[in-house]
Amino acid sequence: MSSLGMDSSKLNETNRGSDSSSIKTRLGLIATCAVAGSLVALYAVTGPFVAPALRKVCLPFVPATTTQVKNVMNVLQTRSGTLADIGSGDGRIVIAAAKGGFRAAGFELNPWLVWYSRYKAWREGVYYRTSFHISDLWKVSFSQYSNVVIFGVPQMMEQLEAKLQSELQVSAVVVACRFPFPTWTPDFIAGEGIDTVWVYNAKTFKSQETAEKLLNNWEDNKTKDC
């Protein structure tokens, strides 16, 4: 074989190696772009659902467990009328309450969750007994509701306690999930761990408020007399 033929053969092998390397590089770039695109798409779908649901306090969406929903409905089984779920998330408490005979409303700041909740209520056949509102809980009055459910965090419970104490009727009942209210004395506790629910009768915490006011007035008058 001539030297020219040998050089040509080596050149062809070099070109083939270069082409193979280029193909691998392009495939690597395509794979990287595909993974990145998938991550972006995943964030676009899930991001709105895990974004903070309530203003003032960063409260991400954490779905209620099946046990939590059952505990809430069990402690409300002798109740009826209207029900408000504060921070209603994907609507599972509202839908369960509607199936239990309540006229239920969910209040949620995240619009994606509200739209999803409306769809779920329609799919479950209880849309006519439910309503979902894109609302900041601090700008809503709950005075018209006879039953209130809240999945909160410790940072918000003190402010919410004061708000509900001033707004609710004496016949109302409040069910707190995962975290109790700071000063109210629960009338009943059900479940355990993260599934615990605390039940508060407005009659009890309003009487407690009246007693505290009377005690404070008595102490103030006593101080003035001295």
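At 2% relative accessibility, Phe-205 counts as buried, where buried means under 20% relative accessible area, exposed means over 50%, and partly exposed covers what lies in between, for a 1.4 Å probe and protein chains only. The structure is a predicted model, in which local features need pLDDT of at least 70 and side-chain atom pairs count only at pLDDT 80 or more, whereas totals for chains, interfaces and linings use all residues. Residues are numbered from 1 along each chain as its sequence is written, and side-chain values use heavy atoms, with hydrogens and water left out.

A pair of aromatic rings is described by the distance of the centres and the angle of the planes. Rings of Phe, Tyr and Trp (for Trp, its six-membered ring) pair if their centres lie within 6.5 Å, and planes under 30 degrees apart count as stacked, those over 60 as edge-to-face and the rest as tilted. In the whole structure, a search finds 10 aromatic pairs. One of them joins Trp-184 and Phe-205, which are stacked at 3.8 Å centre to centre with 5 degrees between the planes. Trp-184 lies in the loop between strand 5 (173–177) and strand 6 (188–190) and Phe-205 in helix 6 (residues 202–225), so this pair ties together parts that are 21 residues apart in sequence; helices (H or I, at least four residues) and strands (E, at least two) are DSSP runs, numbered from the N terminus. Trp-184, at 5% relative accessibility, also counts as buried. Together with Phe-181 and Tyr-200, Trp-184 and Phe-205 form one aromatic cluster.

A nonpolar core is a set of buried Ala, Val, Leu, Ile, Met, Phe, Trp, Tyr and Cys residues joined through side-chain atoms within 4.5 Å. The largest such core has 27 residues, and those with the most contacts inside it are Val-72, Leu-76, Val-149 and Val-175. Helix 3 gives the most to this core, with six residues. Leaving aside neighbours within four places in sequence, Leu-76 is in contact (heavy atoms within 4.5 Å) with Leu-83, Phe-102, Asn-147, Val-149, Val-173 and Val-175. A second, separate core of 26 residues includes Phe-107, Leu-137, Leu-164 and Phe-181.

Two loop residues complete the description. Ser-135, in the loop between strand 3 (130–134) and strand 4 (147–151), counts as buried at 14% relative accessibility, and, apart from neighbours within four places in sequence, Ser-135 is in contact with Phe-107, Glu-108, Leu-109 and Val-140. Gly-87, in the loop between strand 1 (82–86) and helix 3 (92–99), likewise counts as buried, at 19% relative accessibility.
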